[in-house]
Amino acid sequence: MPKRPMHAEDLWTVPRVGTAAPSPDGARLVVPVTTPSLDDNTTTTRLWLVPADAAGAGDGRRDDPARCLTPSGASSTNP
């Protein structure tokens with residue numbers, strides 16, 4: 001794949017991670033992740049539950065400890 005310079009549109013498509021809210025025991029965090037859509041000119045924020053140590057979270061494995069709490073068709077901004 002040929003390399004090309006980064007464009008402003010590339011930056012707009014990067015998901016943005018918000019401020020995490022810890023669980024009372026400190027073992028897990030609820031993290032809002034906002035994903036923009038250039039086609040629709042909208043954003044969707046989904047809440048993710050991740051372990052506080054973040055070991056292996058978000059790597060896409062079958063046993064990935066990160067778990068999305070918000071359905072794909074919905075948007076929720078506050079843990």
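**Strand pairing and salt bridges in a predicted model**

Good morning. Two strands count as paired here if DSSP finds at least two bridges between them. Helices (H or I, at least four residues) and strands (E, at least two) are DSSP runs, numbered from the N terminus.

A word on the basis of this. The model is predicted, so local features need pLDDT of at least 70 and side-chain atom pairs count only at pLDDT 80 or more, whereas totals for chains, interfaces and linings use all residues. Residues are numbered from 1 along each chain as its sequence is written, and side-chain values use heavy atoms, with hydrogens and water left out.

Let me turn to the overall architecture. The protein contains one helix and five strands, and from the N terminus on the order of elements is α-β-β-β-β-β.

Returning to β3 and β4, two partner pairs may be pointed out. T35 has T44 in β4 as its bridge partner, and V33 is partnered by R46 in β4. The hairpin of these two strands has four residues between them, and N41 there takes a positive phi near 55 degrees.

What else does β3 pair with? Strand β1, residues 16–17, is joined to β3 by two bridges and runs antiparallel to it. V17 stands opposite V33 in β3, and V33 is also the residue whose partner in β4 is R46. Strand β2, residues 21–22, likewise pairs with β3 in the antiparallel sense, over two bridges. In that pairing, A21 has V30 in β3 as its bridge partner. The hairpin of β2 and β3 has five residues between the strands, and within this hairpin G26 takes a positive phi near 75 degrees.

I now come to the charged side chains. Side chains of opposite charge can pair when their charged atoms come close. A salt bridge is taken as a side-chain nitrogen of Lys or Arg within 4 Å of a carboxyl oxygen of Asp or Glu. How many salt bridges are found in the whole structure? The search finds two. D10 and R4 meet through their side chains at 2.9 Å, N to O. D25 forms a salt bridge with R28, and the closest N and O atoms are 3.9 Å apart.

Are these residues buried or exposed? Buried means under 20% relative accessible area, exposed over 50%, and partly exposed in between, with a 1.4 Å probe and protein chains only. R4 counts as exposed, at 52% relative accessibility. D25 is exposed at 54%, while R28 is partly exposed at 37%.

Finally, some totals. Of the 79 residues of the protein, 18% count as buried. Among contacts (heavy atoms within 4.5 Å) between residues at least 6 apart in sequence, 26% join residues at least 24 apart. The accessible surface comes to about 6000 Å², of which 56% belongs to carbon and sulfur atoms. Thank you.

Key. Accessible areas come from the Shrake-Rupley method with a 1.4 Å probe; for residues, only the protein chains shown count as cover.
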